[in-house]
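Colleague: I've got a model open and I'd like to learn how to read it. Could you walk me through a few features?

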Amino acid sequence: MPEAIPAALEILSRRRSVKATDLVEPGPDEETLRAMLEIAIRVPDHGKLGPWRFLVLRGPARAEAGRALSARWAALHPEEPAERAELEGLRFLRAPVVVVVVSSPNRRAVKIPMWEQELSAGAACQNLLNAALFSGFGAQWLTEWYAYDRDVARTLGLAEHERVAGFVYIGSQNDPPEERKRPTYEARVTSWSPPDEGPDEGQ
Ligand SMILES: Cc1cc2nc3c(=O)[nH]c(=O)nc-3n(C[C@H](O)[C@H](O)[C@H](O)COP(=O)(O)O)c2cc1C
């Protein structure tokens, strides 16, 4: 009989994201963050392509990258007050560390569908969330508008074929997050059985 790890299962069964706005200092130190990212890298990856990469924003880099959000918001919404654009520039400052998980598919690997490569980037985001959780930190996977903006992507150094899979905000948390309504097991899980064969046509 396989041996379960009840403590790990208990933590996963209560898993919750912590809102980026509720994340506070301290963030993970270099060594802890590295360990988290090593876990993020260890995801299912059909064909061993490593179709993702990670950009770390911490310290002043968060405000510097935020300037791109601010400028882009102002360009996209000239009718809006300048204060709103300034607020956009503060997004990365919500948490001590922000990891940009970049989906970086290999277009020459024609045997591995693009979909699978992108799913692997999503799995990397989830592994990173779980690594943060098990390291005692809170984290949230966000996209928001700037994950989909090519101008912002270029500022972050993404190539044309790359996309942001998620911004994973990581930090400490003061209070545990409240429970969130989940779909029920019954609503989402069924056991497959072969479809009923109707009466044979033509007999
Ligand atoms: C790909 C992806 C993008 C997301 N982007 C956002 C977002 O932009 N804004 C947001 O409020 N939540 C977003 N979420 C949801 C949060 O990550 C998180 O799931 C939510 O806050 C609920 O917390 P939970 O993880 O405890 O269910 C996104 C989730 C995924 C998977």
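**Aromatics, a helix and a ligand**

Modeller: Let's start inside: Phe92 and Phe167 are both buried. Keep in mind that this is a predicted model.

Colleague: How do I read an aromatic pair, and how many does the structure hold?

Modeller: Look at two things, the distance between ring centres and the angle between the planes; over 60 degrees counts as edge-to-face, under 30 as stacked, and the rest as tilted. There are six aromatic pairs here. Take Phe92 with Tyr146: the centres are 5.5 Å apart and the planes make 90°, so this pair is edge-to-face.

Colleague: Where in the chain do Phe92 and Tyr146 sit?

Modeller: Phe92 is in the loop between H4 and strand E3 (97-103), while Tyr146 is in the loop between strand E4 (138-142) and H6. They are 54 residues apart, and the pair links distant parts of the chain.

Colleague: Is Tyr146 buried or exposed?

Modeller: The cut-off for buried is under 20% relative accessible area. Tyr146 comes out at 1%, so it counts as buried. Phe92 is at 0% and is buried too.

Colleague: What about Phe92 and Phe167, what kind of pair do they form?

Modeller: That one is tilted, with 5.5 Å centre to centre and 45° between the planes. Phe167 belongs to strand E5 (residues 163-173) and Phe92 to the loop between H4 and E3, so the pair ties together parts 75 residues apart in sequence.

Colleague: Which residues form the aromatic cluster?

Modeller: Trp73, Phe92, Trp145, Tyr146 and Phe167 make up one cluster. Trp73 also takes us to helix H3, where it is one of the buried residues.

Colleague: How do I read a helix like H3, then?

Modeller: Compare its span with the expected one, then see what its buried residues touch. H3 (residues 60-76) has 17 residues and runs 25 Å from first C-alpha to last, close to the 24 Å expected at 1.5 Å a residue. Its buried residues, including Arg62, Leu69 and Trp73, pack against strand E2 (52-58), helix H4 (82-88) and helix H6 (150-155).

Colleague: And the ligand: which residues are around it?

Modeller: Among them are Arg15, Arg16, Gln140, Trp141, Glu144 and Arg182. An N or O atom in the Arg15 side chain is 3.0 Å from one, and a polar side-chain atom of Gln140 is 2.9 Å from one. With Trp141, a backbone N or O atom lies 2.5 Å from a ligand oxygen.

Colleague: How much of the ligand's accessible area does the protein cover?

Modeller: The protein covers 64% of the 620 Å² that the ligand has on its own.

How values were computed:
Residues are numbered from 1 along each chain as its sequence is written. This is a predicted model: local features need pLDDT of at least 70, side-chain atom pairs count only at pLDDT 80 or more; totals for chains, interfaces and linings use all residues. Side-chain values use heavy atoms; hydrogens and water are left out. Helices (H or I, at least four residues) and strands (E, at least two) are DSSP runs, numbered from the N terminus. The expected span of a helix is 1.5 Å times one less than its number of residues. Buried means under 20% relative accessible area, exposed over 50%, partly exposed in between (1.4 Å probe, protein chains only). Contact means heavy atoms within 4.5 Å. Rings of Phe, Tyr and Trp (its six-membered ring) pair if their centres lie within 6.5 Å; planes under 30 degrees apart count as stacked, over 60 as edge-to-face and the rest as tilted. A residue is near a molecule or strand if one of its heavy atoms lies within 4 Å of it. A polar contact is a pair of N or O atoms within 3.5 Å; within protein, one must be able to donate a hydrogen and the other to accept it, and residues adjacent in sequence count only if both atoms are side-chain atoms. Accessible areas come from the Shrake-Rupley method with a 1.4 Å probe; for residues, only the protein chains shown count as cover.
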